[in-house]
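Hi everyone, thanks for coming. Let me put today's structure on the screen, and then I'll walk you through a part of it.

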Amino acid sequence: MTVISQFRPGDTSFAYSWGIVAMAKVKSLEDINNLGYKEFGDYLANVVAKTPMIPLAAWSDRPFCSVRDLHATLCKFLDHLPFQGKEGLLRCYPDLPSRLAISSNSFRDINEPSRRAGLLTLSSDDLELITDLNDKYTRKFGFPFVICVNESKRHAIVQGLQLRLKHSRQEEVLMGIANVKQIIWYELFKLVQDTTEDSSAF
C-alpha cells in the first residue's frame with residue numbers, strides 16, 4: 001500500500017499513512033469541538049490509518065479540553081477493542097517496505113519523521129536487512145510491523161524488529177497498538193492546534 005499516488009498538488013485532503021505529514025489545514029480545538037459527526041470523522045480519519053471509525057466513536061465525548069483529552073478518548077476506544085479488532089486495525093497500516101518505498105526526494109517535506117529516523121538514507125544492506133526481518137515478522141504474526149518513527153531511529157527500528165519477532169502474538173498485538181497510540185499523538189498535532197500542549201510531551 002502506498003499513498004503517493006493519491007497526492008495532488010494543492011489537495012488539502014491528502015493525509016498521512018504511517019506517519020506521513022497531513023496536508024490538511026490545521027484547525028483549532030474549538031473548531032474540532034464544533035464539527036458535525038461526519039465532518040469530525042472525515043477530518044480526523046487519517047489520524048488512525050485512514051480509519052474514520054475510531055474518531056467517529058469519540059465524537060460523542062466532545063467537547064475536548066485539550067489534544068491530550070482527545071488522544072486519551074481515542075486510546076480508550078483502542079483499549080476496548082476485542083483482540084481481533086486490534087489485529088484488524090494493525091492490518092490497516094502498510095508494511096514497512098511499502099513505507100520505505102515513498103522515500104522519493106520530491107516528497108521529503110512530507111516524510112519528515114522518516115527523515116529524522118534515517119529511513120530516507122538507508123543503504124542497500126540496511127534495506128535488505130529490514131525487508132528480510134519484516135517478511136519474517138509478517139509471516140509470523142499476519143499483520144504489518146507498526147512502529148512510531150517519531151520515537152525511533154534506524155538502528156532502533158532494526159533492533160525493534162529483531163526483538164519483537166521473539167514475542168507471542170498476544171504480546172505483539174499489544175506492542176503494535178502501543179505504537180499506534182504514539183502515532184495518533186503526533187498526528188493529532190498536525191491537525192489540531194492546542195497552545196496548552198506540546199507534541200514532544202507524549
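Predicted model: local features only at pLDDT ≥ 70, side-chain atom pairs only at ≥ 80, totals over all residues.

Residues are numbered from 1 along each chain as its sequence is written, and side-chain values use heavy atoms, leaving out hydrogens and water.

The protein chain has ten helices and two strands; these are DSSP runs, with helices (H or I) of at least four residues and strands (E) of at least two, numbered from the N terminus. Of its 202 residues, 49% are buried, meaning under 20% relative accessible area with a 1.4 Å probe, protein chains only.

Now, how do H4 and H10 run relative to each other? Helix H4 covers residues 67–80, and its axis comes within 10 Å of that of H10, crossing at roughly 150°. The axes are lines fitted to C-alpha atoms over the stretch in contact, with angles from 0 to 180 degrees between N-to-C directions. The two helices are therefore roughly antiparallel, a term for angles over 145 degrees.

Which residues meet there? Among them are Leu 70, Leu 74 and Leu 78 in H4, and Ile 177, Ile 184 and Trp 185 in H10, where contact means heavy atoms within 4.5 Å.

Finally, Glu 187 sits in H10, residues 169–191. Glu 187 is buried because its relative accessible area is 2%.

How values were computed
Buried < 20%, exposed > 50% of the residue type's maximum accessible area, 1.4 Å probe, protein only. Parallel < 35°, antiparallel > 145°, perpendicular 65-115°, else oblique.
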